[in-house]
Amino acid sequence: MSRFLDPYYFVNSLLLLVYGGLRAYFVYFTPEGSEHSRFHSLQDLAAWEKQLMMLAMAFIAYKGLRMRSWDDYAQQMFFIGKLAVALSAIMVDMRLGVLYALAAVACWVAFPQPIIQMSTGRGESSISILTPLSMKDFVLRGEDDWVVFFYTENHVNSIATAPAFVEVAQKYASESLSFGVMDACLFQSFSRELKLRPNSWSNQLPAVVRYVRGKEHSRLPMPAAGDELGLRMNYFTQKDIVQKLALNEAPAPSKGTKKQR
């Protein structure tokens, strides 16, 4: 089943459609001159809607210029849409604004955005699911080149970037260049050994690291100057992964045979 059929998308779409009911409430149930409303007439509401639409269109165009994935774009659109509805609800009636904000927070907690399935766990998959043991055996002690995506579930940036990594893996995976994923928060102590901060509020997640014959070759995000662990913002696209990790360069030939993972 497509991840876009997840309840997250259905519930957030409903939260946007609430605006129709909000507008009807103002037109039919809010008396003129009500002390609870900041609008005095339908013309005031129309002018407010025009301003919001212009801002929303500018935001949509801006985000489209550097879109990491459709997951990222959907999350951003839902956020700006719910913010617009919440502000409108406050302007129509503060009490409705509070109720809408509570409903939005409850849905955010109950229905997190799903992350793309990066690996089927089967042999034909272009991405391997890694654990500390397999990471040591195949990546850190192996002869093949690897690109590893460190992430954690229910993390906005991980969810936004994962589809870009999957597309890169499908395009560049070969006998001499393998791709893998590891949940950094699931294996926190091992992640620290790899100089990663395994928490969802760190700018280091998600991280994409390229290993050449067991040695770290490059990573995204790049460590900040003077900070071994790095603190730079982790906003990167499919193009960034390819360029910064030099995936267009031919990997060095493997000295050994490829092991079965």
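**View 1. Glutamate 216 is partly exposed, with a relative accessible area of 41%, and forms a salt bridge with arginine 219.** The closest N and O atoms of glutamate 216 and arginine 219 are 2.9 Å apart. Arginine 219 is buried, at 6% relative accessible area. A salt bridge here is a side-chain nitrogen of Lys or Arg within 4 Å of a carboxyl oxygen of Asp or Glu; by this rule the count is 5. Buried stands for under 20% relative accessible area, exposed for over 50%, and partly exposed for values in between (1.4 Å probe, protein chains only). The model is predicted, with local features needing pLDDT of at least 70 and side-chain atom pairs counting only at pLDDT 80 or more, while totals for chains, interfaces and linings use all residues. Residues are numbered from 1 along each chain as its sequence is written, and side-chain values use heavy atoms, with hydrogens and water left out.

**View 2. Strands E4 and E5 form a hairpin with 2 residues between them.** Strand E5 covers residues 215-220 and runs antiparallel to E4, to which 5 bridges join it. Helices (H or I, at least four residues) and strands (E, at least two) are DSSP runs, numbered from the N terminus. Two strands count as paired if DSSP finds at least two bridges between them. Glutamate 216 in E5 is the bridge partner of tyrosine 211. Arginine 213 lies in the loop between E4 and E5. Its phi is near 50°, a positive value in a residue other than glycine. At 31% relative accessibility, arginine 213 is partly exposed.

**View 3. The open sheet has 5 strands in the order E1-E3-E2-E4-E5, with mixed pairing.** Its edge strands are E1 (127-129) and E5, each of which pairs on one side only. From one strand to the next the twist averages 25°; axes are lines fitted to C-alpha atoms, for helices over the stretch in contact, and angles run from 0 to 180 degrees between N-to-C directions. E1 and strand E3 (residues 177-183) run parallel and are joined by 3 bridges. Serine 128 has glycine 180 in E3 as its bridge partner.

**View 4. A salt bridge joins aspartate 145 and arginine 210, with the closest N and O atoms 3.5 Å apart.** The pair links distant parts of the chain, 65 residues apart: aspartate 145 is in strand E2 (residues 145-151) and arginine 210 in strand E4 (residues 207-212). Both ends are buried: aspartate 145 has 1% relative accessibility, and arginine 210 has a relative accessible area of 4%.

**View 5. Aspartate 93 and arginine 95 meet through their side chains in a salt bridge, at 2.8 Å from N to O.** Aspartate 93 is buried at 4% relative accessibility, whereas arginine 95 is partly exposed at 47%. UniProt (unreviewed entry) places the feature "transmembrane region" at residues 7-25 and 83-111. UniProt positions follow the numbering used here, feature names are shortened, and annotations may be inferred rather than shown by experiment. Residues 83-111 are 93% helix and 0% strand, and their end C-alpha atoms lie 18 Å apart. Residues 7-25 are 100% helix and 0% strand, with end C-alpha atoms 27 Å apart.

**View 6. Val27, Tyr28, Phe29 and Leu42 make a nonpolar surface patch of about 470 Å².** Helix H1 (residues 7-29) contributes the largest share of the patch, 3 residues. Patches consist of residues with over 30% relative accessible area and no salt bridge, like charges being joined within 9 Å and nonpolar side chains (Val, Leu, Ile, Met, Phe, Trp, Tyr) within 5 Å. Accessible areas come from the Shrake-Rupley method with a 1.4 Å probe; for residues, only the protein chains shown count as cover. Phenylalanine 29, in helix H1, is exposed at 61% relative accessibility.

**View 7. Serine 191 sits in helix H7 (residues 188-193).** At 0% relative accessibility, serine 191 is buried. The C-alpha atoms of serine 191 and phenylalanine 150 are 8.7 Å apart in space, and the two residues are 41 apart in sequence. Lysine 195 is in the loop between H7 and E4. Phi of lysine 195 is near 65°, positive in a residue other than glycine, and lysine 195 is partly exposed at 37% relative accessibility.

**View 8. The peptide bond from leucine 220 to proline 221 is cis.** Omega for this bond is near -5°. Proline 221 lies in the loop between E5 and helix H8 (238-244). Most peptide bonds are trans, and most residues other than glycine have a negative phi.
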